[in-house]
2 protein chains.
Amino acid sequence: MNDLDPIAELQDLLKDDLNAMNDMIKKMMTSENTPTIQKISNHIFSAGGKKLRPLLCLATARALDYTEDKHILLAASIEFVHTATLLHDDVVDESSTRRGTKTANILWNNQSSILVGDFLFSRAFQLMVSTDSLEILEVLSETSAVIAESEVLQLSEVGNVSTSTETYMKIIEGKTAALFSAATQTGAMISSSNLEHIENFKCYGKAIGLSFQLIDDYLDYKGSPADMGKSIGDDFNNTKLTFPLISALKKGDSSEKKLIENSLLKEPKDPEDLIKIIRIMEKYKTLEETKTAARKWSSIASKSLQKLPKNDITQLLGKVSEIIVQRSS
Amino acid sequence: MNDLDPIAELQDLLKDDLNAMNDMIKKMMTSENTPTIQKISNHIFSAGGKKLRPLLCLATARALDYTEDKHILLAASIEFVHTATLLHDDVVDESSTRRGTKTANILWNNQSSILVGDFLFSRAFQLMVSTDSLEILEVLSETSAVIAESEVLQLSEVGNVSTSTETYMKIIEGKTAALFSAATQTGAMISSSNLEHIENFKCYGKAIGLSFQLIDDYLDYKGSPADMGKSIGDDFNNTKLTFPLISALKKGDSSEKKLIENSLLKEPKDPEDLIKIIRIMEKYKTLEETKTAARKWSSIASKSLQKLPKNDITQLLGKVSEIIVQRSS
């Protein structure tokens with residue numbers, strides 16, 4: 001990311017908040033009795049990532065002139081939910097790498113990933129409770145249920161070549177956009193009682209989340225492994241039907257459709273098939289179409305911001321919604 | 001269980017509360033979009049069980065003359081936490097049967113069990129939030145973390161022949177007694193602000209939980225498969241060191257100790273070894289010793305009750321603490 005990257009600018013502007021949040025994360029992931037928790041938590045939190053969800057939460061609170069410190073608890077809890085989800089996702093998907101390093105299920109085992117995920121989720125819950133707001137707890141507990149529900153829906157759609165774009169959108173709204181939306185909604189709730197501001201920040205988060213996931217699913221066929229720190233075609237290899245593949249199945253002729261269907265039946269998948277499928281996607285421009293859908297949500301995010309107070313932070317959040325579709329990793 | 005069983009008597013006395021709780025469970029386990037959740041939840045809740053934890057929560061509230069209905073939400077949330085834990089435990093232990101029926105991880109798959117467990121845990125969290133009590137949420141979120149923490153500790157002690165009785169007690173206090181204790185503590189908190197009552201009910205729950213788990217670990221070597229709806233020697237087969245085995249390792253001579261250690265190294269375990277180990281346990285009376293430890297905790301539970309109001313319910317709770325060590329299934 002270069003100097004003009006608005007995420008880096010936000011990170012710089014909010015560095016005190018981020019440091020406080022990282023200290024809180026360190027404190028809450030500690031478990032004196034169980035070194036395994038410590039080791040796995042260290043592994044997953046030190047692997048980094050941009051911590052985009054908690055950053056948006058902190059930014060929202062500050063954009064609405066929040067002067068107390070409960071947004072730190074909130075942001076840490078959002079990151080704990082996200083991390084717990086990653087641990088369980090990697091077991092469910094049998095993933096072996098994430099962000100360029102081996103996953104916990106590979107370095108330790110599935111059992112540890114499941115139980116440490118449960119621990120981190122419980123810690124998230126403790127952090128939320130310490131914000132002392134029942135309204136915020138209501139949003140976050142509902143969000144957790146929606147995330148789990150859509151993960152189950154995603155699992156039950158694995159290998160279903162009839163998966164519709166509507167079902168796909170429902171899945172990504174639940175598994176990804178819900179937590180982005182909760183991050184900005186609760187960041188606003190803790191700072192303000194202005195219902196319009198809260199609603200606009202909620203919409204901003206949801207739209208950013210949808211755009212983010214659409215680009216993720218685009219990059220899974222388009223990005224280079226070096227860029228992503230993960231391999232290409234993960235979704236294809238997991239028989240997971242995402243936007244570009246669903247659209248290719250819709251637009252392809254009967255022989256192309258048959259090719260995709262047959263290739264999805266093979267276990268393990270044939271890398272030659274992946275190349276052919278990407279060619280079909282290029283022919284029907286379904287990757288470009290995925291990016292267009294992401295752009296649509298980015299512009300919805302920008303529109304939500306127009307109704308919010310103008311300041312340094314909302315300006316940077318506007319730039320975030322623009323660059324989210326430009327990312328290549 | 002016969003007519004004089006105090007658990008059956010409590011169930012009868014509190015049948016309206018239990019019905020209301022079962023309705024709440026049905027409502028909250030519903031997921032319109034994801035039939036898999038519905039099916040797995042149906043499977044696990046209809047498999048039954050005595051629902052002892054929520055029963056103790058309801059009983060506690062009523063023993064302290066609670067007249068509102070938030071104890072229903074609380075009891076349902078306790079059962080959801082328990083059920084979510086069972087789903088994850090069965091994946092971690094690779095169990096194939098529970099209460100005489102096939103487990104969800106066998107009927108569906110590990111992935112579904114993990115994600116539906118997460119969903120039920122989120123629902124538990126939603127139910128807790130709807131009690132509108134931050135003090136109760138603090139106890140229950142802390143309890144969830146303690147449960148997960150001790151499950152990780154248990155996992156990291158698998159196969160460790162040096163596991164001490166202290167570590168074993170720490171594990172069962174976390175994985176079992178914590179939820180029993182939270183059930184009675186929060187049942188008291190929702191009904192009363194008398195700190196002594198709350199503390200005594202908390203102690204009662206913890207002691208019942210410890211007694212219950214000690215008997216469980218005793219029955220795993222002593223009960224008959226027909227009684228338990230599960231097979232004998234599960235803990236041995238999972239290389240899980242529980243009280244009777246830890247004590248046998250401490251008391252056995254060097255050749256007996258060697259036999260146990262070698263048998264724990266085999267995968268799969270040898271049923272002949274199990275017979276030999278049970279013989280060693282009988283020689284040193286370690287099963288009887290486990291029951292004695294359970295009896296000690298039962299009498300601590302009874303003592304906690306003596307400081308509480310005398311009524312039909314506390315009388316029955318006193319009987320529960322007596323019969324908990326007599327159960328054979």
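**Exercise 1.** At roughly what angle do the axes of helix H5 (residues 70-92) of chain A and helix H9 (residues 165-189) of chain A cross? Classify the pair and describe the contact.

*Solution.* The model is a predicted one.

Step 1. The axes of H5(A) and H9(A) cross at roughly 170 degrees, and they come within 10 Å.

Step 2. Angles over 145 degrees count as roughly antiparallel. H5(A) and H9(A) are therefore roughly antiparallel to each other.

Step 3. On the side of H5(A), the residues in the contact are A:His71, A:Leu74, A:Ile78, A:Val81 and A:His82. They meet A:Leu179, A:Ala183, A:Thr186 and A:Gly187 of H9(A).

Step 4. Sorted by class, this contact of H5(A) with H9(A) holds five nonpolar and four polar residues, with no charged residues.

**Exercise 2.** Describe the contact of chain B with chain A, and state which helix of chain B gives the most to it.

*Solution.* Step 1. Chain B and chain A each put 37 residues into the contact.

Step 1. In chain B, helices H3 (35-46), H5 (70-92), H7 (110-129) and H8 (134-156) each supply at least two residues of the side that touches chain A. H8(B) gives the most, with 14 residues.

Step 2. The side of chain B that touches chain A has 17 nonpolar, 12 polar and eight charged residues.

Step 3. Of the interface residues of chain B, 100% are also interface residues in chain A, so the copies meet through the same surface.

Technical notes: Residues numbered from 1 in each chain as written. Chains lettered and ligands numbered in written order. Predicted model: local features only at pLDDT ≥ 70, side-chain atom pairs only at ≥ 80, totals over all residues. Contact = placed C-beta atoms within 7 Å. Helix = DSSP H or I, 4+ residues; strand = E, 2+ residues; numbered from the N terminus. Nonpolar A, V, L, I, M, F, W, Y, C, P; charged D, E, K, R; others polar. Axes fitted to C-alpha atoms, helices over the stretch in contact; angles between N-to-C directions. Parallel < 35°, antiparallel > 145°, perpendicular 65-115°, else oblique.
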